[in-house]
Amino acid sequence: MKKNIYFYETNTPIGKIGLATTENDSHITDIIWNYEIEKFKNDDNFQINETELIKRAKKQLFEYFSKKRKQFDLPLLKEGTPFQISVWNALETIPYGETRSYKDIAVAIKNEKAVRAVGMANNRNKISIFIPCHRVIGVDGKLVGYGGGLHIKQFLLELEGIKIK
């Protein structure tokens with residue numbers, strides 16, 4: 001991990017989350033769930049600082065939570081394998097208020113047998129919400145896995161007007 005990565009926590013409708021940026025404040029690197037915040041606060045690699053980019057990201061998040069924003073316009077640092085990045089790029093094409101299955105994403109990246117690997121790439125998404133992995137559901141239409149917890153995934157989907165079985 002790099003030295004002096006910026007981090008700031010804030011209260012939201014889904015609980016306390018943290019936002020982190022690169023050391024030059026050029027890209028968002030993480031959305032940190034409440035249960036992970038202490039780890040970041042106690043890591044010497046992070047400086048607590050509400051940078052300009054964090055303020056911008058926070059503003060866009062609150063616009064999203066108040067249903068005034070359907071797309072984010074932020075520089076995101078996608079750190080992962082080429083496969084993971086291809087999955088995350090596909091996630092960004094899922095429109096607000098719609099869902100896709102893990103199989104749909106595997107087909108979209110032209111690797112239809114990689115359904116489990118798509119699930120693992122979703123699990124490795126450090127910029128959830130901004131890269132909307134909450135919009136990926138099981139092929140049977142049910143909620144499956146989410147880093148923030150299924151109750152948050154359900155909240156985000158309902159916020160977007162999606163009812164899950």
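In the predicted model, the protein chain carries 26 positive and 20 negative side chains. The centres of these two sets are separated by 6 Å. The accessible surface of the protein chain amounts to about 8800 Å², of which carbon and sulfur atoms contribute 49%. Of the 165 residues, 45% are classed as buried.

The protein chain contains six helices and six strands, and their order along the sequence is β-β-β-α-β-α-α-β-α-α-β-α. The radius of gyration is 16 Å, close to the 15 Å given by the globule rule for 165 residues, so the protein chain is as compact as a globular protein of that length. Along the principal axes, the C-alpha atoms occupy a box of roughly 40 × 35 × 25 Å. Among contacts in the protein chain with a separation of 6 or more, 58% involve residues 24 or more positions apart.

In general, an α-helix has 3.6 residues a turn, so residues three or four places apart point the same way.

Definitions and conventions: Residues are numbered from 1 along each chain as its sequence is written. This is a predicted model: local features need pLDDT of at least 70, side-chain atom pairs count only at pLDDT 80 or more; totals for chains, interfaces and linings use all residues. Side-chain values use heavy atoms; hydrogens and water are left out. Helices (H or I, at least four residues) and strands (E, at least two) are DSSP runs, numbered from the N terminus. The radius of gyration is taken over C-alpha atoms; the globule rule is 2.2 Å times the number of residues to the power 0.38. Buried means under 20% relative accessible area, exposed over 50%, partly exposed in between (1.4 Å probe, protein chains only). Contact means heavy atoms within 4.5 Å. Accessible areas come from the Shrake-Rupley method with a 1.4 Å probe; for residues, only the protein chains shown count as cover. Lys and Arg count as positive and Asp and Glu as negative; His and the chain ends are not counted. The place of a charge is taken as NZ of Lys, CZ of Arg, CG of Asp or CD of Glu.
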